[in-house]
Protein chains: 2
Amino acid sequence: MASGQRIAVVGATGAVGQTTLRLLKERNFPVRALRAFASARSEGKTVKFGDDDITVERLGADSFKDIDIALFSAGSDQSREFARAAVKAGAVVVDKSSAFRMNPEVPLIVPEINAAAAKAHRGILACPNCTTIVTVMPLKPLHDAGRLRRVIATSFQAVSGAGVAGVAALREETLAWARGEKIEPRHFPHQIAFNLIPHIDKFGADGYTGEEMKLVGEIRKILGLPELAISPTTVRVPVFTAHSIAINAETESKVTATAARAAFERFPGLRVVDDPAHNRYPMPLIAEGQDDCMVGRIREDLGCANALNFWVSGDQLRKGAALNGIQIAELLLS
Amino acid sequence: MASGQRIAVVGATGAVGQTTLRLLKERNFPVRALRAFASARSEGKTVKFGDDDITVERLGADSFKDIDIALFSAGSDQSREFARAAVKAGAVVVDKSSAFRMNPEVPLIVPEINAAAAKAHRGILACPNCTTIVTVMPLKPLHDAGRLRRVIATSFQAVSGAGVAGVAALREETLAWARGEKIEPRHFPHQIAFNLIPHIDKFGADGYTGEEMKLVGEIRKILGLPELAISPTTVRVPVFTAHSIAINAETESKVTATAARAAFERFPGLRVVDDPAHNRYPMPLIAEGQDDCMVGRIREDLGCANALNFWVSGDQLRKGAALNGIQIAELLLS
């Protein structure tokens, strides 16, 4: 058998799909053959895979013959419709949509945190939501250091989380402003340029959004803490690519700021950027394009003995999506 | 005696000073005479007061003869240098800087919350920091409903909080981006366009910024709760004028989301904007230019029985500064 994997990238024209194609090359993922799928709208377009132009094929139930690994980032409807067909055809699916994340038979994986859980897969492995990944990265070493009791997370989410249409909205709205024109909201429910929208995904009856409930359910599943108290607020901000989260975390036993910093420094995939004297702290601008999530502003709570405040920024398209997906695929090789 | 007050606006060319001049007219404040002061740099410029052009005078120790009320928004150094001279000359000073806020002899006033405390003034009354005002507005009715135990506040602060130079930085950086030019950070320690800066004011040894410690000390003083546990994170965002704060507040006795909503609705200066089904919630874009602070996204904490999450947006230049200052001056008239 020739070496390397036969890969399908599903949703290849999307923001995450294109980052997936770039990262497969960047990480020298052993690719023997690559096929790119998308909806009928994109059929016949080409996408770049290194120096190659790959013609985009229309996704169908018969797309997965002779595919080893299918990386899905086409949205949850497409995953629900086609992932099981891919498994039936013999592929292992790494799904970046929300379709299977909370399914108890599907492992939900952040490789630095729960790689061992991947072994139990039955053909589908799920990649968490972007905000979940960036939030849970510093929570794991903190939990190991002092056992998490309660988490309050407030997100500042980039427009790339809403895909290429989200990026285009911020870009076009801002350009309209620069031309002195009236800004017409595109894509988001309101103008995002120079604004904040505390509304991502649909609202539930209790007032929380789907995005907020993803954060709660997924963090609990990844950490194996089904009862963990999590209080989420998710907000869209006029930033292009990286998500940031302000976190207040309370632990059963005291973790000092110094101990937390050491635990964060040791954890793979996290980089401590916490040097206030030199104006160094995580920001979207420096997290963009980086594989590591950056954590900083690490300080002890002023009123709660066993709590810490910190601030994390991570590239939503990389660790928040495409990179984490490829890392899951890498687990399948080993 | 002719009716009306003789007013000095100190820092008249700044963002807050100009809003003060507009609001004095808008609110029909009884002005008999108005003088505008600023630094030597602005001497001889004119500022608008209704239809009148007022020539800006250079601020000096002898500026306050025949002034009844001096509204200071020139920065804490200027307040420290000149506020006592103004009092000596017979004026009452309403100071919007941080110079006297934590001085036990100086009342720190948000008129809807602690107007009665203003009576004890000895010539100087302090106006809280903009972020404090917008944050404390919903905290007061919630405290009255269930007694506050702990507050976790994460701010999303507009560039206007850094004055006209802050507004110019966001504007010029964004215009440079639109022209395809490299963005050079102006004014802020890093680029603010399409970025987030978790750093406002100077860092202290414990890792908190001056802005964060203002929030803690000032909220405690305004509410008369010197021991209240407050966990602050303050972040500068690429928004022009209104500040927003995500708040998690725990109370001694349970306050349901319904009861909190009712308490917010009854409180003067607060407007409940909380209709998710119609995509209505507070946002900087709709809070800008409004006197009321807007509160929404009111929901019970998922893991802490006596806690609530909510989200507040308020115009930083109005209720966050100039309006609150004029409301304090109005207390002096009654």
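Me: In which way are α4(B) and α6(B) set to each other?

Reply: In this predicted model, helix α4 (residues 130–146) and helix α6 (residues 210–223) of chain B have axes that come within 10 Å and cross at roughly 40°. Axes here are lines fitted to C-alpha atoms, for helices over the stretch in contact, and angles run from 0 to 180 degrees between N-to-C directions. Angles under 35 degrees count as roughly parallel, over 145 as roughly antiparallel, 65 to 115 as roughly perpendicular and the rest as oblique. The two helices, α4(B) and α6(B), are therefore oblique.

Me: What kind of model is this?

Reply: Residues are numbered from 1 along each chain as its sequence is written, chains are lettered from A and ligands numbered from 1 in the order in which they are written, and side-chain values use heavy atoms, with hydrogens and water left out. Local features need pLDDT of at least 70, side-chain atom pairs count only at pLDDT 80 or more, and totals for chains, interfaces and linings use all residues, since the model is predicted.

Me: What is the handedness of the crossing of α4(B) and α6(B)?

Reply: A crossing is left-handed if the near helix is turned anticlockwise from the far one by less than a right angle, and right-handed if clockwise. The crossing of α4(B) and α6(B) is right-handed.

Me: How many charged residues are in the contact of α4(B) with α6(B)?

Reply: Contact means heavy atoms within 4.5 Å. On the α4(B) side are T131(B), T132(B), T135(B), V136(B), L139(B) and K140(B), which meet residues of α6(B) including E211(B), K214(B) and E218(B). Ala, Val, Leu, Ile, Met, Phe, Trp, Tyr, Cys and Pro count as nonpolar, Asp, Glu, Lys and Arg as charged, and the others, Gly among them, as polar. By these classes the contact has six nonpolar and three polar residues, and the charged ones number four.

Me: Is T131(B) buried or exposed?

Reply: T131(B) lies in helix α4 of chain B, and beyond four places in sequence T131(B) touches S155(B), Q157(B), E211(B), L215(B), H243(B) and I245(B). Buried means under 20% relative accessible area, exposed over 50%, and partly exposed in between (1.4 Å probe, protein chains only). With a relative accessibility of 1%, T131(B) counts as buried.

Me: Which strand holds L270(A)?

Reply: L270(A) is buried, with a relative accessible area of 6%. Leaving aside neighbours within four places in sequence, the contacts of L270(A) include M137(A), P138(A), P141(A) and F264(A). Helices (H or I, at least four residues) and strands (E, at least two) are DSSP runs, numbered from the N terminus. The strand of L270(A), residues 270–272 of chain A, is β11.

Me: What distance separates the C-alpha atoms of R299(A) and A257(A)?

Reply: R299(A) is found in strand β12 (residues 293–300) of chain A, and counts as buried at 1% relative accessibility. Among the residues that R299(A) touches, not counting those up to four places away in sequence, are A257(A) and F310(A), as well as D206(B) and Y208(B) of chain B. R299(A) and A257(A) are 42 residues apart along the chain, and their C-alpha atoms are separated by 5.4 Å.

Me: Where does N28(A) lie?

Reply: N28(A) has a positive phi of about 50° although it is not a glycine. N28(A) is exposed, with a relative accessible area of 66%. In chain A, N28(A) lies in the loop between α1 (15–26) and β2 (31–38).

Me: What is the radius of gyration of chain A?

Reply: Chain A comes to nine helices and 13 strands. The radius of gyration is taken over C-alpha atoms, and the globule rule is 2.2 Å times the number of residues to the power 0.38. For 334 residues that rule gives 20 Å, so chain A is as compact as a globular protein of that length, with a radius of gyration of 20 Å.
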